Amino acid sequence: MKLDVDAVVAAGRAWSAQDPDDETRAELDAAVAAAATGDGPAVQELAARLAGRLAFGTAGLRAELGYGPLRMNRVVVTQAAAGLARFLIDSGRSRSVVIGYDGRVNSDVFARDSAEVMRGLGLDVTLLPSALPTPVLAFAVRHLGVGAGVMVTASHNPPRDNGYKVYLGEGDEGSQIVPPVDATIAAAIDAVATGSIADLPRATDYTVAGPDLLDAYVTATAATVPAPALGVPDQPSVVYTAMHGVGWETARAVFERAGYAVPATVPEQIEPDGAFPTVSFPNPEEPGAMDLAVARGVDADADVVIANDPDADRLALAIPDGAGSFRRLSGNEVGWLLGWQAAVRAASDGRGGTLAASIVSSPALARVAERHGLAYRDTLTGFKWVSRVPDLVFGYEEALGYLVDPDVVRDKDGISAALALLDLATTLAASGQTIADRLEAFAAEFGAFASGQVATRVDDLSRIGEIMAALRADPPSSLGPVAVRAVTDYADGADGFPPSDILRYDLEGDARVIVRPSGTEPKVKVYIDTVATTSAEAQALADALAAAVRPLVS
């Protein structure tokens, strides 16, 4: 189809006229100038960048920085802020919001834009005083009793990404948004986008939170564990990395307040740096991301290595491998350990309640719940669902997310999870045991579980739909050496869940494979769970299933 050059150029100039950012405006103006010459590729590139809008959903917004409606920039963020403000006003919710931001490029700028626009529209606005972890913002929503919270972060996404995450207060208790609220907010944003952000009122008389807010989070989080079983000199040796994120200062304060030794750190990664210079992908799950932390752990002869992701809502754990290095535990293994710990405490306190995990996480937690007389719930993927489980004691998702105390934060929290692991490691050390010993005890008590994952990253998003359609059209009768016993397609809803793009294969011998598109990255993800007599057998089966499924999603 032949493009209307004049229309494309006019659209570019209209966007440029409302863009307050010198960098993105200059980038756009150069693209407009090139297109105005009639150069075909330049026109096509500009048209593609201006076509459509970045979709606002339950994960809010997340995309690469750059000009235009399909990227993260000051125009898109200002439109989102105004749309959220209008949603709060029109829905009758509290006209108040707290805004936080991390250390990524432009996070502080996006946060201030949001504060000014929301205040200009009449909301009571509190801005966090500096770059802080996402769990602090999630805590602040409930602590301040506001109608909503905004966190400017792209969490563990690539360095050039940024994002906009929304929480709701009042009856939603500080959880992330879920349908149909996301669609209502998206419609309000679209209405704002029909005009220019230059016409939106702004005000700078918003409140900047004082140190008492962060101190309240530190105090509440430190109180989630009992006093350490050992004094500081006798506690396990720990190495911590913030992975160029904002977790360190808050984590250190929590550890000290709870009575734990200050960990050794990875100096190259301890300060916030939006360029993430020592990692190609700032996600502790990615190969190589924890190499510096492991090397520091070897040098320090550490018992435990822990890593937060850049906004500190996720946690990774590595333990000595017996061969002079460390092995990173999977998110499921950490989830088993923390869930077991929570179940034991609940039983000793005479409390009931529910353990929960997302559907793609290991079924091992269900056995823990059953053994300790607790209820268990599977949820759809995403902590927006885990955090909303009634009477929740502990919840987790295999992607390194753990909710250890719902009374403090209704979201995954990598800092409170790190504290819970220090508590576990110290309690074990007091009786001459290690986390490795605890994993062996788990297998003896509940069964030898193993998990694996296959991920296919795509350049063309349409490829994701093609992969899922092919699996639905021709479902496998076996995966490697194991027969498929049942196939569950969640496209029309299943097991009490709303319609979701998920395929589940239940295999002979209690193995399970789940396939779904990622909610935050251009990937198809496959989750594999097995159980066997020994851990080695379970892992061998998981590896065989991974090899069998990889060609199906490539």
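Predicted model: local features only at pLDDT ≥ 70, side-chain atom pairs only at ≥ 80, totals over all residues.
Q: Okay, so how many bridges join β3 to β7?
A: Two bridges join them, so by that definition they pair. β7 covers residues 207-208 and runs parallel to β3. Within this pair, Leu 127 stands opposite Val 208.

Q: And which way does β2 run relative to β3, parallel or antiparallel?
A: Strands β2 (residues 96-101) and β3 (residues 124-127) run parallel, with four bridges joining them. Here Ser 96 faces Asp 124 across the pair.

Q: What unit do β2 and β3 make with helix α5?
A: Together with α5 (residues 107-120), they make a right-handed β-α-β unit.

Q: Switching topic: which residues touch the most other members of the largest nonpolar core?
A: Ile 306, Phe 394 and Tyr 402 do, in a core of 88 residues. Helix α14 (residues 414-430) contributes the most to this core, with 10 residues.

Q: What does Ile 306 touch, leaving out residues up to four places away in sequence?
A: Its contacts include Val 238, Phe 255, Leu 317 and Leu 422. Another core lies apart from this one; it has 54 residues, among them Leu 28 and Val 117.

Q: Last one, pockets! Which residues lie nearest the centre of the second largest pocket?
A: Those are Leu 329, Ser 330, Glu 333, Ser 451 and Gln 539, out of 42 lining residues. The pocket holds about 880 Å³ of space.

Q: Which element gives the most to that lining?
A: β17 does, with eight residues.

Conventions:
Residues numbered from 1 in each chain as written. Heavy atoms only, no water. Core = buried A, V, L, I, M, F, W, Y, C linked by side-chain atoms within 4.5 Å. Buried < 20%, exposed > 50% of the residue type's maximum accessible area, 1.4 Å probe, protein only. Contact = heavy atoms within 4.5 Å. Right-handed = clockwise from strand over helix to strand, strands pointing away. 1 Å grid on protein atoms, 1.4 Å probe; cavity = no way out; pocket = protein on both sides within 12 Å on 5 of 7 lines; lining within 4 Å. Points joined across faces, edges and corners; volume = space filled by probe spheres on them.
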